[in-house]
Amino acid sequence: MSETQLSGWKKFPEGFMWGAATASYQVEGGITNTDWAKAAEEGKVPYAGKACDHYNRFESDFDIAQSLGHTAHRFSVEWSRIEPEAGKFNEEAITHYRAVLNALHARGIKPYITLWHFTLPVWFAEAGGFEQEQSPEIFARYCAYVVSKLGDLCTDFSTMNEPNVYGSNGWLRGSWPPFKRFVLTDLVSITNSGRTFESKAQKGFAPLFLYLRVMKNLARAHNRAYDEIKSVSQKTDVSVVKHVILFHANGNPMNKLKARVANYFWTYRFMNRIHKKCDSIGLNYYFHKKFGDRGTYQKTDMDWDIYPEGIEDALMMLAKYHKPLFVSESGLADEKDAYRANYIVRQVQATWRAIERGADVRGHMYWSLLDNYEWALGFEKRFGLVEINYETLARTVRPSAHVYKKICEENAVE
Ligand code: BGC
């Protein structure tokens with residue numbers, strides 16, 4: 001497209017990174033040594049099985065990403081493959097992820113690695129996971145090991161994905177391992193996230209205290225990992241990937257107060273504990289809750305409001321920490337691909353507005369490159385730019401992926 005045809009388009013800063021994200025357990029297949037695989041054996045969550053077989057098909061999947069104009073790709077390395085037993089590291093897994101990184105570089109795609117995306121090695125989970133006092137040290141040892149082995153091929157590492165989602169689903173809602181549920185969760189649940197699962201959890205008051213302990217340990221784990229990674233490689237950019245729910249309100253002062261309190265507990269409390277040990281921050285944005293709002297919204301297949309504009313204020317919330325930001329995930333489940341293209345355009349426009357307002361946003365990664373295992377909901381929800389046929393494992397690029405491609409290639413949005 002010529003410059004004149006593009007006139008009026010909103011340009012992004014030069015060097016802005018465009019791409020999509022995945023996570024190991026959700027796409028790789030063949031991961032058996034984790035708390036999630038064990039929970040599947042116990043009938044508590046669906047099996048991930050071979051998933052998208054991305055472990056064996058990453059080259060052709062990256063061909064697709066490249067053909068879609070992506071210049072960045074966020075993925076996670078699987079802790080249980082790399083450290084299958086406490087303190088014993090597996091060179092084969094490292095060789096695999098080095099091949100993954102080389103495949104991205106060969107296609108001109110910049111890698112962003114997440115060191116831990118929800119699944120725990122069985123040995124670590126059985127010893128108490130992040131409830132353990134020594135969990136930060138164990139986690140930091142793993143992180144530093146990975147950076148020592150992959151840091152020459154990747155400059156950007158996030159320690160962990162969405163600590164608040166992990167903690168609340170595991171210890172307040174009890175819908176994810178280790179399935180502990182705070183008895184009053186229904187009373188305090190103020191999100192409209194639609195993440196309601198049939199609970200397999202043991203209910204009680206103790207999960208609340210365990211949740212608080214886990215959140216504290218996760219913050220300690222990030223901070224400790226930051227220091228350990230820096231002692232291995234000064235030049236590595238270390239971030240956290242933070243899930244932000246945008247709590248906002250109508251004009252009513254009580255509702256405004258509710259939104260402030262909710263934003264504090266969901267976002268600022270954790271960020272205040274770790275922001276000094278972040279070189280950059282990743283934002284995962286999926287939903288909002290507007291107190292006192294009578295508006296109706298179209299819904300995604302997750303039953304989440306279609307409100308991509310909220311990413312603007314979510315970015316502004318993280319911009320308060322004065323660090324470079326990147327959109328590490330944002331997207332929707334939309335099997336028919338009916339809303340995705342429009343959603344992406346609006347989300348990218350809102351990202352551009354945040355940059356105009358001063359947020360130092362450096363990249364945008366759509367969730368997800370491929371359809372994938374949506375945790376306790378199995379394979380039914382379709383987030384991918386690329387559709388997966390789980391029988392044949394055939395890949396089909398969805399029409400909306402081409403709308404995003406144009407944005408990526410032009411570094412601009414209409
Ligand atoms: C997670 C992904 C998940 C996505 C959609 C994020 O909370 O990082 O693993 O698939 O949201 O629910």
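Guide: Not counting residues up to four places away in sequence, Asp-53 touches Val-27, Glu-28, Leu-393 and Arg-395. This is a predicted model, and the contacts are read from its coordinates. Asp-53 sits in the loop between α3 (35-41) and α4. Its relative accessibility is 14%, and because buried means under 20% relative accessible area, Asp-53 counts as buried. The side chain of Asp-53 also has a polar contact of 2.7 Å with the side chain of Asn-56.

Most residues other than glycine have a negative phi. Leu-393 is placed in the loop between β12 and β13 (395-397), and at 6% relative accessibility it counts as buried.

Asp-61 belongs to helix α4, which covers residues 54-67. For a sense of distance, Asp-61 and Thr-155 are 94 residues apart in sequence and 22 Å apart in space, C-alpha to C-alpha.

Asn-411 has a positive phi of about 50° although it is not a glycine. Asn-411 lies in the loop between α15 (399-410) and β14 (412-413), and is buried, with a relative accessible area of 15%. Then come the cis peptide bonds. One joins Pro-177 and Pro-178, with omega about 5°; Pro-178 is in the loop between α9 (163-172) and β6 (180-182). The peptide bond from Trp-367 to Ser-368 is cis as well, with omega near 15°. Ser-368 is found in the loop between β11 (361-367) and β12 (386-388). Most peptide bonds are trans.

Next, the ligand. It is surrounded by 14 residues, and the closest are Gln-26, Glu-162, Glu-329, Glu-374 and Trp-375. By class, this shell has six nonpolar, four polar and four charged residues. A polar side-chain atom of Glu-374 lies 2.6 Å from a ligand oxygen atom. For His-117, the distance from a side-chain N or O atom to an oxygen atom of the ligand is 2.9 Å, and for Tyr-286 the corresponding distance is 3.5 Å. Taken alone, the ligand exposes 310 Å², and the protein buries 100% of that.

Last, the whole chain. It has 15 helices and 14 strands. Buried residues make up 60% of its 414 residues. Of the contacts with a separation of 6 or more, 76% are between residues 24 or more positions apart. The C-alpha trace spans about 60 × 55 × 45 Å along its principal axes. The accessible surface comes to about 16,300 Å², and carbon and sulfur atoms account for 50% of it.

Notes: Residues numbered from 1 in each chain as written. Predicted model: local features only at pLDDT ≥ 70, side-chain atom pairs only at ≥ 80, totals over all residues. Heavy atoms only, no water. Near = heavy atom within 4 Å. Polar contact = N/O pair within 3.5 Å; in protein donor to acceptor, adjacent residues only side chain to side chain. Areas by Shrake-Rupley, 256 points an atom, 1.4 Å probe, with all protein chains shown as cover. Nonpolar A, V, L, I, M, F, W, Y, C, P; charged D, E, K, R; others polar. Helix = DSSP H or I, 4+ residues; strand = E, 2+ residues; numbered from the N terminus. Buried < 20%, exposed > 50% of the residue type's maximum accessible area, 1.4 Å probe, protein only. Contact = heavy atoms within 4.5 Å.
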